[in-house]
Amino acid sequence: MIEPRSSFVDADDVHLHYLEWDSTSAGAVLNTDNEASDTTDNIPLVLLHGLGATADTWRLVAKELRKQHQVIAFDLRGHGQSDQPENGYDLVTIAEDVICAMAKLGFGQVAVVAHGWGARVALVLTARHPALVSHLILVDCPHVEPRHWPGMTRERFIHEKSPEASYTSLASYLDAWRTEMSTFWTPDVEAIVLTYIRELPDGSVEDRLLPEHQVKIRASLWEDRALSYYGKLACPVLLVPAADKPRPDEELPERLEDADEFAAAKGQMAAQVARAIQRCSVLWMPATAHDIQLQRPQTLAQSIVNFLNTV
């Protein structure tokens, strides 16, 4: 993998770690035929990771994006190598962390690419600071608010843990990921998921995101009203759901217990959200895992480049 520059920036009360890839070809972009063409729009890209992940999750995508753009990926508050303060895990505070860090690093307007929970952070960021976001790309954003999931309660959602959080050894942790990502597991993917955890002296592993901080993030997600943001988005938006385009007569599943039901719900909600956004495109990714950036990085990167160059 291309090695980015690793550094830190003070965003008011939190010290954020970030990775930065400099553009290798200023003034050139790739078109759909992978041929270089001139452009004056080399807007920087800010990448936001999902819950429990790190800036490293974007390494495979950034390797492609850096050919045209300067790319920066943050470890958000409580994640990776960034500070882990006791408080400040609501979506607004984390969005403002990013805005402050951008200002300290000298960024003006940027395009924001965000995955999973990070996409919800990006929604808040864009709604609060529309002049700073030229384009917004939401990668498998959880549009379905958890309070609307059939059978979901606040207590259950807030205290739900990732299955990787309690593995007794590094080997068992990697075995679980390898099974989940068997069709696209590579040494590069393994190196990325290893950044999500720390190994303890007894040989067990734990998430770098502390349990008490994950609880606060989940509480903020439960209270957030994501659906209220979409109509406020003025910039072009690209939705990239890990789902197939729903049929016109398809209804939301009655339950959300397995991957197929979640995928169907994501497809339905993405279609509804797209209608609420002024300038919206959708890239459907059927038969794809939540971690699109790891499974289909080249496809995702090329789609982002095409979107930035045509919208």
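Which residue lies over the face of F157? The points below take this up along with the aromatic pairs and helix packing.

1. Basis. This is a predicted model, in which local features need pLDDT of at least 70, side-chain atom pairs count only at pLDDT 80 or more, and totals for chains, interfaces and linings use all residues. Residues are numbered from 1 along each chain as its sequence is written, and side-chain values use heavy atoms, leaving out hydrogens and water.

2. The ring of F157. The residue over its face is R218, at 5.0 Å from the ring centre. A charge sits over a ring if NZ of Lys or CZ of Arg is within 6 Å of the ring centre and within 35 degrees of the ring normal.

3. Aromatic pairs. The structure holds five of them. Rings of Phe, Tyr and Trp (its six-membered ring) pair if their centres lie within 6.5 Å; planes under 30 degrees apart count as stacked, over 60 as edge-to-face and the rest as tilted. F157 and W222 have ring centres 6.0 Å apart and planes at 40 degrees, so this pair is tilted. It links distant parts of the chain, 65 residues apart: F157 is in helix α4 (residues 154-158) and W222 in helix α7 (residues 211-223). Helices (H or I, at least four residues) and strands (E, at least two) are DSSP runs, numbered from the N terminus.

4. Burial of that pair. F157 has a relative accessible area of 5% and is buried; W222, at 9%, also counts as buried. The cut-offs are under 20% for buried, over 50% for exposed, and partly exposed in between (1.4 Å probe, protein chains only).

5. A second pair. The ring centres of W177 and Y196 are 6.1 Å apart and the planes are at 70 degrees, so the pair is edge-to-face. W177 lies in helix α5 (residues 170-180) and Y196 in the loop between α6 (187-194) and β9 (197-199), so the pair ties together parts that are 19 residues apart in sequence. W177 is buried at 8% relative accessibility, and Y196 is buried at 6%.

6. Helix packing. α5 and α6 pack at about 125 degrees, with their axes 11 Å apart. Axes are lines fitted to C-alpha atoms, for helices over the stretch in contact, and angles run from 0 to 180 degrees between N-to-C directions. The contact (heavy atoms within 4.5 Å) is made by L170, Y173, L174, W177 and R178 of α5 and E190, V193 and L194 of α6.
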